[in-house]
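Please keep the 3D view open as you read, and look up each place as it comes along.

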Amino acid sequence: MDANIINPFIHATSNVLEVMAFVSCKAGPPYLKKDDRAIGDVTGIIGLTGETNGTIALTFDEGSILRVVSNMFGEEISELSHEISDAVGEIINMISGQARREMEENGRVFQASIPSVVSGRGHAITHYSDGPKVVIPFTTEGGEFAIEVCLEF
Amino acid sequence: MSTSLKILVVDDFATMRRIMKNILKQLGYTNITEADDGTTALEELKKGHFDLIISDWNMPKMTGLDLLKLVRSDSQYKDIPFLMVTAEAQKQNVIEAVQAGVSNYVVKPFTAEAIADKLSKIIG
């Protein structure tokens, strides 16, 4: 999978969290993931169709998502709840939108599904394609999270 | 700019409705009603007059674009300013929204300043 696919997701993730939650994050080196186990405690998943098909997952550990959502709402949120799940769905929706705009500028047009959210420690992330699962880990002040990109190519 | 305007905020995500309400309150607007998709937005419109609709695009049951088309085709609602706030900003989306009569367009993620700027252009 080339950098023209990965980079839009890195740019979009950093920008969405900075603009909506005032959270700075640092991307680590991408790697390939072999199993379905989520790194985080709550995961948003969105399907992509178009030039190719696949899914993007955004998985947060508890510390990182509590910091992000607390900042978004302007009040302290101290536990994982339905409102956290709702926020993760909206965050991945925004990341998907921005990444697809950047990919469109590179001549790749995708449409996105309405996101779904799964939570619970050690839950599985199911990607709906057989492509390689590329993980981009991020660190923030509150904790860690990762983007998984799985597209057929 | 009158802050007594009655505003209908339409989004299927409670998170985004909450963020938008927080921003509108910061800007002095407190008369805000929420709807979680186009269908419930139409129900709210039937209940009483609104001065502004702020709507997401991607929603179940009825999208923001379909809501916009219905609003613009109804003599009772056609003049209500309509701000589309959405992650969908690919060229074709913008063209569709403009053709359907959107008043202005904000792309997510957005700042409070961006919302204030768009509102000043729509409602003065």
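Helices (H or I, at least four residues) and strands (E, at least two) are DSSP runs, numbered from the N terminus. With that in hand, chain B can be read from its N terminus as β-α-β-α-β-α-β-α-β-α. Please remember throughout that this is a predicted model.

**Chain B as a whole**

- The secondary structure of chain B amounts to five helices and five strands.
- How wide is the C-alpha trace of chain B along its principal axes? The spans are about 30 × 30 × 25 Å.
- Of the 124 residues in chain B, 40% are buried.
- Take the contacts in chain B between residues at least 6 apart in sequence: 62% of them join residues at least 24 apart.

**Where the two chains meet**

- On one side of the meeting place are 21 residues of chain A, in contact with 16 residues of chain B.
- Which elements of chain A give two or more residues to the side that touches chain B? They are helix 1 (3–21), helix 2 (62–73) and helix 3 (82–105) of chain A.
- Helix 3 of chain A gives the most to this side, with 12 residues.
- Sorted by class, the side of chain A that touches chain B holds nine nonpolar, six polar and six charged residues.

**A strand enclosed in chain A**

- Have a look at strand 4 (residues 54–60) of chain A: seven of its seven residues are buried, so this strand is largely enclosed by the rest of the structure.
- G54(A), I56(A), L58(A) and F60(A) point one way from strand 4 of chain A, while T55(A), A57(A) and T59(A) point the other way, and all are buried.
- Strand 3 (residues 42–50) of chain A runs antiparallel to strand 4 of chain A, and seven bridges join the two.
- In this pairing, G44(A) stands opposite L58(A) in strand 4 of chain A.
- How many residues does the hairpin between strand 3 and strand 4 of chain A pass through? The hairpin joins these strands through three residues.
- Strand 4 of chain A is also joined by seven bridges to strand 8 (residues 144–151) of chain A, and these two strands run antiparallel.
- Here I56(A) stands opposite V149(A) in strand 8 of chain A.

**Helix 2 of chain A and one of its residues**

- You can check the length of helix 2 of chain A yourself: at 1.5 Å a residue, its 12 residues should span 16 Å, and its end C-alpha atoms are 16 Å apart, which agrees.
- The buried residues in helix 2 of chain A are S64(A), I65(A), L66(A), R67(A), V68(A), V69(A) and M72(A).
- An α-helix has 3.6 residues a turn, so residues three or four places apart point the same way.
- Why does L66(A) count as buried? L66(A) has 21 other C-beta atoms within 10 Å, and a residue is buried if 20 or more lie within that distance.
- Leaving aside residues up to four places away in sequence, L66(A) touches I77(A), S78(A) and G142(A).
- L66(A) and I84(A) are 18 residues apart in sequence, yet 7.7 Å apart in space, C-alpha to C-alpha.
- After helix 2 of chain A comes G74(A), which has a positive phi, near 70°.

**Backbone details to look for in the loops**

- F22(A) is not a glycine, but its phi is positive, at about 55°.
- You can find F22(A) in the loop between helix 1 and strand 1 (25–27) of chain A.
- Is F22(A) buried or exposed? With 12 C-beta neighbours inside 10 Å, F22(A) counts as exposed, because the cut-off for exposed is 12 or fewer.
- In chain B, K61(B) has a positive phi of about 65° and is not a glycine.
- K61(B) lies in the loop between strand 3 (52–55) and helix 3 (64–73) of chain B, and with 11 C-beta neighbours inside 10 Å, K61(B) counts as exposed.
- Which form does the peptide bond from K108(B) to P109(B) take? This bond is cis, with omega near 0°.
- P109(B) belongs to the loop between strand 5 (104–107) and helix 5 (112–123) of chain B.

Terms used. Residues numbered from 1 in each chain as written. Chains lettered and ligands numbered in written order. Predicted model: local features only at pLDDT ≥ 70, side-chain atom pairs only at ≥ 80, totals over all residues. Contact = placed C-beta atoms within 7 Å. Nonpolar A, V, L, I, M, F, W, Y, C, P; charged D, E, K, R; others polar. Expected span 1.5 Å × (residues − 1). Pairing = 2+ DSSP bridges.
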